[in-house]
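Here are some exercises to work through with the model open on your screen. Try each task yourself before you read the solution.

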Amino acid sequence: MDLVRVLETALGVAGVSAGALGYAVRVPSSSWIAPSVHRGTVVRPAIALTFDDGPSESTPELLEILASYGAPATFFECGANVRRLPGVARQVAEAGHEIGNHSDTHPLLALKSADFIDRELSVAQEAIEDATGHSPRYFRAPYGVRWFGLRAAQQRLDLTGVTWSAIALDWKRQTPAVVSRLLKGAVNGAILCLHDGRVLEHHPDIGVTLQAVRELLPRLIEQGFHFEKVTDILCPTKN
Ligand SMILES: [Zn+2]
């Protein structure tokens, strides 16, 4: 996908700079289109592990690895995947992890109507509530791309946008590259983005992600970090 080209086509007539808008819609630290956070408190050596695009058939294997380190995480799930695997979504919640909203069908929100965006968020919200009994408080935009209408949808559903401070590229890189990217991004309050699914794919191969987590967690612990859910890492006063 060439987002800048899509934006140029859409905005060329209006004379708006697609470069600047491209920055606003997809740079993780930009909050111009819709408010979002990309990093937690820096007062503790805490890291938030976040996993997008689940639940998938391989999520339970990831849960086992996290459990072996007592590491809580946050899962940004797609409504369609939750309807397909409600038992896995429930298992994630029951293991004590936080579940966020990652839209219903993982569309690129750019150029979509406010109604479409609102529906994507609310249908996913409902699917997650139905499966787990918990109502997400955080939203992560598919591809990190935000668009007009998202601000209102987030407000209506009481969702805070969350991007990331480091992204694993675990869907296209090999394990050593993923581990080294994330180790570089390991700072107080880091929000690391990995994937326990691959968009809406059934039985996705997330072997790189699983192996990266196996290698990463002991190394981060050795460096003195501990893990917190998004809710906790955003709170400076948590012990
Ligand atoms: Zn995603």
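**Exercise 1. Find which residues coordinate the zinc ion, and work out how they are spaced in sequence.**

Solution. Keep in mind that this is a predicted model.

Step 1: Start at the metal. The zinc ion is held by Asp53 through OD, and by His102 and His106 through NE2, at 2.1 Å.

Step 2: Now go to the sequence. The donor residues follow the pattern D-x48-H-x3-H.

Step 3: Aspartate 53 sits in strand β2, while histidine 106 is in the loop between β4 (98–101) and α6 (114–132). That pair is 53 residues apart, so it ties together distant parts of the chain.

Step 4: Check the accessibility, with under 20% as the cut-off for buried. Aspartate 53 comes out at 4%, so it counts as buried. Histidine 106 has a relative accessible area of 6%, so it is buried too.

**Exercise 2. Is aspartate 104 buried or exposed, and what is it in contact with?**

Solution. Step 1: Locate the residue. Aspartate 104 belongs to the loop between β4 and α6.

Step 1: Look at its accessibility. The value for aspartate 104 is 6%, so it counts as buried.

Step 2: List the partners, skipping neighbours within four places in sequence. Aspartate 104 then touches Cys78, Gly79, Ala80, Arg83, Glu120, Val123, Ala124 and Leu200.

**Exercise 3. Describe the largest pocket: its space, its lining and the classes of residue there.**

Solution. Step 1: Take the volume. The largest pocket holds about 440 Å³ of space.

Step 1: Sort the lining by class. You get 12 nonpolar, 5 polar and 5 charged residues.

**Exercise 4. Which residues touch the most other members of the largest nonpolar core, and which element gives the largest share?**

Solution. Among 38 core residues, Ile47, Leu49, Phe51, Leu66, Leu192 and Leu220 touch the most other members.

Step 1: Trace the elements. At least two core residues come from each of β2, α3 (59–68), α5 (86–94), α6, α8 (175–184), β8 and α9 (207–222). The largest share, 7 residues, is from α9.

Step 2: Beyond four places in sequence, the contacts of phenylalanine 51 include Leu62, Leu66, Phe76, Leu194, His195 and Val213.

**Exercise 5. How far apart are glutamate 228 and alanine 48 in sequence and in space?**

Solution. You'll find it in the loop between β9 (226–227) and α10 (230–233), buried at a relative accessible area of 2%.

Step 1: Compare the two separations. Glutamate 228 and alanine 48 are 180 residues apart in sequence, and their C-alpha atoms are 5.1 Å apart in space.

How values were computed:
Residues are numbered from 1 along each chain as its sequence is written. This is a predicted model: local features need pLDDT of at least 70, side-chain atom pairs count only at pLDDT 80 or more; totals for chains, interfaces and linings use all residues. Side-chain values use heavy atoms; hydrogens and water are left out. On a 1 Å grid over the protein atoms alone, a cavity is a set of points where a 1.4 Å probe fits but cannot get out, and a pocket is an open set with protein on both sides within 12 Å along at least five of seven lines; lining residues have an atom within 4 Å of a point. Grid points are joined across faces, edges and corners, and a volume is the space filled by probe spheres set on the points. Ala, Val, Leu, Ile, Met, Phe, Trp, Tyr, Cys and Pro count as nonpolar, Asp, Glu, Lys and Arg as charged, and the others, Gly among them, as polar. Donors are N, O and S atoms within 2.8 Å of the metal (3.2 Å for Na, K and Ca); water is not among the atoms, so sites may look incomplete. Helices (H or I, at least four residues) and strands (E, at least two) are DSSP runs, numbered from the N terminus. Buried means under 20% relative accessible area, exposed over 50%, partly exposed in between (1.4 Å probe, protein chains only). A nonpolar core is a set of buried Ala, Val, Leu, Ile, Met, Phe, Trp, Tyr and Cys residues joined through side-chain atoms within 4.5 Å. Contact means heavy atoms within 4.5 Å.
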